[in-house]
Amino acid sequence: MTMTTEPKKSGSGKSAEPVSLRADLSKDILAIWGTIIRTSSVPQFLIDQYHCVIAWNRALEQLTGIKYEEILGTSQHGKAFYGVTRPCLADLLVDESFGDMTLWYRDKYMESAGADNAYEATDFFPYMGNGGKWLHVTAVPVRDSNGTVIGTVESFEDLTERTLLERALKLSNQKLNLMNGVAYHEIENKITSVRGYVELSRKSVKDEMAIKCFEAEETILKQIPELLHYTMDYQKIGTQPLRWVNVAGAVRSILSLMEISLLRMDLDVDALELFGDPTLEMMFSYLINNTLKQAKTAPEIRISFAEIPEGLRLVYEDNSTGIPHTRKHSQFKETIVKADNFCTKFVHDILEYSCMSIKETGDPDKGLRFEVLVPHGAFRFTDLHN
């Protein structure tokens, strides 16, 4: 039988490819895709428009334990992943059954940005391997020259190890936060009780030496909750997603919660925002509190910035007790941190986690001057900035 080369006319009068020629072209396209998939290091399979497997590469053999020869030409690929015969993403795409996505994948799927009508999903596959596997699946339709779907490629990424580590870390953090929270409140309650007894004891004695001892005990008891507060704040670093922090807004919010009458604040940061750990807001609180504690006269603070070739330099200056030249470099590297030095360690670690750096460049006789280097991409201005 001789295949005609005369183009047929469609109902609209336009030329249309003969059905047999179009079928041969579709086979050629799928054959090319099959060759690409078989040589790919990414676990992948290819089905045609009849849901038959026409490519199943070696990487997918290793992932599923099913050989290419066992599944070629069949429609049993769903059973390889789900333990029963059911559609995969590839099947729904080859039929363009987008309305059935929710039925089979509920809220676990989303449209992929990589290609038109491509979809991806992350799910747990209990029948795969020993104990199941977490896989990220992406399905992309294969089209002929007319845009008709003639097959689908489905790709897999094994997320099992990463997912289990993430879940274990999350559970560990939840346990740690729970125990720390319970311990913090219990210790704080006990300290409050002890302080009450110390106060009663101090009032019941007349001996000056005993009174001084009780006063010293009260001072120590006041410091313990502060130390506990430090540890609770420190463990918050890295527990939340990075976000934009408005510097002026954070500083003003902190000042509104403080009872300060003599502080002079020069806040020259325009509409500057930093991208980093949310505890950046807490960083300014620690710096301001440190200034108030260490100030020799009426406290003065100036926060400013300058754009530089490396990014942006954020400067915090005050008139408190300066840091000796001998300690300017070592203060951020100390492994054993005393309560008096917790502020600088806390600030350093927040910034380091946010991919920023800090150094102290102030004159010891004039006060502190912290310079924070913010890299490009980690700062922006919400309003027009000159």
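In which sense, parallel or antiparallel, do strand β5 and β6 pair? In this predicted model, in which residues are numbered from 1 along each chain as its sequence is written, local features need a pLDDT of at least 70 and side-chain atom pairs count only at pLDDT 80 or more, while totals for chains, interfaces and linings use all residues. Side-chain values use heavy atoms, with hydrogens and water left out. Strand β5 (residues 109-111) is joined to β6 by three bridges and the two pair in the antiparallel sense, where strands are said to pair if DSSP finds at least two bridges between them. Within this pairing, M110 stands opposite E120 in β6. Strand β7 (residues 133-143) also pairs with β6 in the antiparallel sense, over seven bridges, and here W134 in β7 is the bridge partner of F124. Strand β6 itself (residues 119-125) is largely enclosed by the rest of the structure, because five of its seven residues are buried; buried means under 20% relative accessible area, exposed means over 50%, and partly exposed lies in between, with a 1.4 Å probe and protein chains only.

For the chain as a whole, the secondary structure comes to 11 helices and 16 strands, these being DSSP runs numbered from the N terminus, with helices (H or I) of at least four residues and strands (E) of at least two. Of the 386 residues of the chain, 39% count as buried. Among the contacts with a separation of 6 or more, 57% are between residues 24 or more positions apart, a contact being heavy atoms within 4.5 Å. The mean pLDDT, the predictor's confidence in each residue from 0 to 100, is 83 for the chain, and 87% of the residues reach 70 or more. Over residues 1-16, however, the pLDDT is below 50, and this stretch has 11 contacts in the model beyond near neighbours in sequence. Where pLDDT is low, the predicted coordinates should not be read in detail.

Helix α9 (residues 247-256) has V247, A248, A250, V251 and I254 as its buried residues. Seen down the axis of α9, these buried residues fall within an arc of 165° and so line one face of the helix, the arc being that of the directions from the helix axis to the C-beta atoms. On the other side of α9, R252 and S256 are exposed. The buried residues of the helix pack against β9 (243-246), β10 (264-267), β11 (272-276), α10 (280-294) and β12 (300-308). At the N-terminal end, α9 is capped by N246, a side-chain oxygen of which lies 3.3 Å from the backbone nitrogen of A248.

Two of the strands that α9 packs against, β10 and β12, run parallel and are joined by four bridges, with L267 standing opposite I303 in β12. β12 also pairs in the antiparallel sense with strand β13 (residues 311-318), over eight bridges, and the two form a hairpin with two residues between them. The bridge partner of I303 in β13 is Y316.

Helix α10 has 15 residues and reaches 21 Å from its first C-alpha to its last, close to the 21 Å expected at 1.5 Å a residue, where the expected span is 1.5 Å times one less than the number of residues. Its buried residues are L280, M282, M283, F284, Y286, L287, I288, N290 and T291. T291 counts as buried because its relative accessibility is 0%. The side chain of T291 is joined to that of Y316 by a polar contact of 2.7 Å and to that of D318 by one of 2.6 Å; a polar contact is a pair of N or O atoms within 3.5 Å, and within protein one must be able to donate a hydrogen and the other to accept it, while residues adjacent in sequence count only if both atoms are side-chain atoms. Leaving aside neighbours within four places in sequence, T291 is in contact with residues including P299, E300 and I301.

T279 lies in the loop between β11 and α10 and is buried, with a relative accessible area of 2%. A polar contact of 2.3 Å joins its side chain to that of D277, and, not counting residues up to four places away in sequence, T279 touches K236, I237 and I350.
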